[in-house]
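This report goes through one structure part by part. Please look at the sequence and the model before reading on.

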Amino acid sequence: MYDKLKADSLSRLIETSMGLRPPQKVLTGGQVLNVYTGRLENKEVALAEGRIAYIGSLEEGKVVAGNETEVIDVSGCVLVPGYIEPHAHPFQLYNPVTLAEKVLSTGTTTLISDNLHFFTGLEPSEQVDLQEELAKLPVHYFWWARWDPQTFLGEDPEGLFSYERVKQAMDLPNVLQGGELTDWVALLNRDASMLRWMCDAKQNGQRVEGHAPGASYRTLARLAAAGVTGDHESIDPDEVWRRLELGYMTTLRHSSLRPDVPVLIRGLMERADEVPWHRLMMTTDGPTPPYLREGFVDVMLRAAMEAGCDPIRAYQMVTINPAVYYGLDDRLGGLAPGRVADINVLQSLEDPTPVHVLAQGDWAVQDRKRVLAMPFVDWSAYEGLRVLSDWEVSPSELKLNDRAETIPVIRMINPVITKGAEEPVTPDIQSGCLPPEEDRLYVTLADRYGRWITKGLLTGFGRGIDGLASTYNGSGDLLLIGRDVEAMARAANRVLRDGGGISWDQGGNALFHLPLPLGGHMSLQPADMLIDQSEELIRLLKQHDHPFYDPIYTFLFLSSTHLPQVRLTSKGIMRVKDRQILAPSERLR
């Protein structure tokens, strides 16, 4: 298991705890939140080797500050452990480095993260190199290994999700769990690879994260029998309780897409005396950049407390509870001797945004300003994240086939849920340019190398949008939305030239353009710049009657086949329930 502490450092840590060596830092005068006992305690904290050497009365412990010891008076403040995000997706336009940089400023010091786009884009050796490089950051990165792609791959001709390849990812040293299982049906159908991965996870001591929104008690019980240990998809208090009854570690979600924590907490508080709080965690579940303007885990903590959750219970859900669940509590999740010195200094328990942050014993944030630089990651070394195509999209390739009599229609119900319909192909549909006042747009998913293309109509997304192109989507292909195939082609060619991105062509000009050169999903820009650009995209979409609040997730999920009802895939437009192809894709080259 990943740990930076070496024998010589451990020796010095022990010497400090015994008073034989002065601590490097001492925090004095503040209250310490003991997440193990649920109490606030007046204690001093001595640090050495990036760890807590002693906590309590230094005089009684005979721990003596030296001339070079940094003594910090935190009188009037509360010290709490660094926050743990147990379910991160570090590729929602931001990348792992820019996400870590942003969330560290608001007290998150550990991210347990999805490997999906690194797993599909990188060779196993590159995955090892990247994880080792990210382990140098002041924010701890741990990982989960995906067992399914979250989108339809057909026969998976490239073997991306072969048993052997997934097993390699699971065996990396800082991978803590398998999942999340968006294709949990395959597990209940006893898919051979799923069964073997489940057995491997148990042998490795890893957790298995489910993904079963709206599932019945019976289905959840079957998944628990199959080995699933946790789930983050509860959308009402009854769903939380079903998972708790069945032994799941249950994670309450407060994301940009589903900010559910207030509703879930209020429902739990109605039966507060019965709630097994130690079996609960909280997650932001991969929020899109605008969410980060207000914060990260601290936003979730504030929402929980405002909904009536006892502050100490709230902090336990983002510190010791995930640390215990993932087997990290010997080093993370609490303020106690031997633990890594990830410490948030708060004005009060009611204000979860820290004034100062210590990450592994070093000052990361002082007076709410980040003072610790992030190590440089040379992304150009990861060839698998560079997606270069020589295909130039022609408007004629985006027009409907002349022989088509009907066309599938995907109707947006909310940012991610769709319904399907079909309508006759009329001359205006066939023309390649729909009237700007209509609530109808062309929608296309194309292989970014130009090998195949899937075409349909989209309603409920907006009006008068000439041409949008995005490689940010679940399948990593080229998603096109618009009323004019000429504009759609121009937008597509802009993002192909960049190696990925989001581009909007309106009136023959680039109205919006965001390069995403890392796998077509991630920017190299700092998170604050991405927040501004994402909010600008949302503002422009609202001007074109876009009705929803998180369109970036709409891009992501239009090609993700774990959600109802109709999705775009490489094989054509698919009805998810029975995987029937409603309109097949076309071969291009």
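Helices (H or I, at least four residues) and strands (E, at least two) are DSSP runs, numbered from the N terminus. The model is a predicted one, in which local features need pLDDT of at least 70 and side-chain atom pairs count only at pLDDT 80 or more, while totals for chains, interfaces and linings use all residues. Residues are numbered from 1 along each chain as its sequence is written, and side-chain values use heavy atoms, with hydrogens and water left out.

## The annotated domain

An unreviewed UniProt entry places the feature "domain: Adenine deaminase C-terminal" at residues 418-579; such positions are given in the numbering used here, feature names are shortened, and annotations may be inferred rather than shown by experiment.

Thr418 lies in strand β21 (residues 418-424). With a relative accessibility of 0%, Thr418 counts as buried (under 20% relative accessible area; exposed is over 50%, partly exposed in between, with a 1.4 Å probe and protein chains only). Its side chain reaches the backbone oxygen of Val566 at 2.9 Å. Leaving aside residues up to four places away in sequence, Thr418 touches Ile410, Arg411, Met412, Ile413, Leu558, Pro564, Gln565, Val566 and Arg567 (contact means heavy atoms within 4.5 Å).

## Two hairpins

Strands count as paired if DSSP finds at least two bridges between them. β28 (residues 566-569) and β29 (residues 572-575) pair in the antiparallel sense over four bridges, forming a hairpin with two residues between them. Here Thr569 stands opposite Gly572 of β29.

β29 is also joined to β30 (residues 580-584) by four bridges, again antiparallel. In β30, Pro584 is the bridge partner of Gly572. This hairpin has four residues between its strands, and Arg579 in the turn has a positive phi of about 60°.

## A sheet of seven strands

An open sheet with mixed pairing has the strand order β3-β2-β7-β16-β17-β18-β19. Its edge strands, β3 (39-42) and β19 (369-370), each pair on one side only. Within the sheet, β2 (residues 31-34) and β7 (residues 78-81) run parallel and are joined by two bridges; Val32 has Leu79 as its bridge partner in β7.

## Helix α5

Which residues of α5 (residues 124-134) are buried? They are Glu126, Gln127, Leu130, Gln131, Glu133 and Leu134. Seen down the axis of α5, these buried residues fall within an arc of 160°, so they line one face of the helix; the arc is that of the directions from the helix axis to the C-beta atoms. Their cover includes α3 (96-104), α4 (116-121), β10 (140-145), α6 (163-170) and β11 (175-181).

Notes
A polar contact is a pair of N or O atoms within 3.5 Å; within protein, one must be able to donate a hydrogen and the other to accept it, and residues adjacent in sequence count only if both atoms are side-chain atoms.
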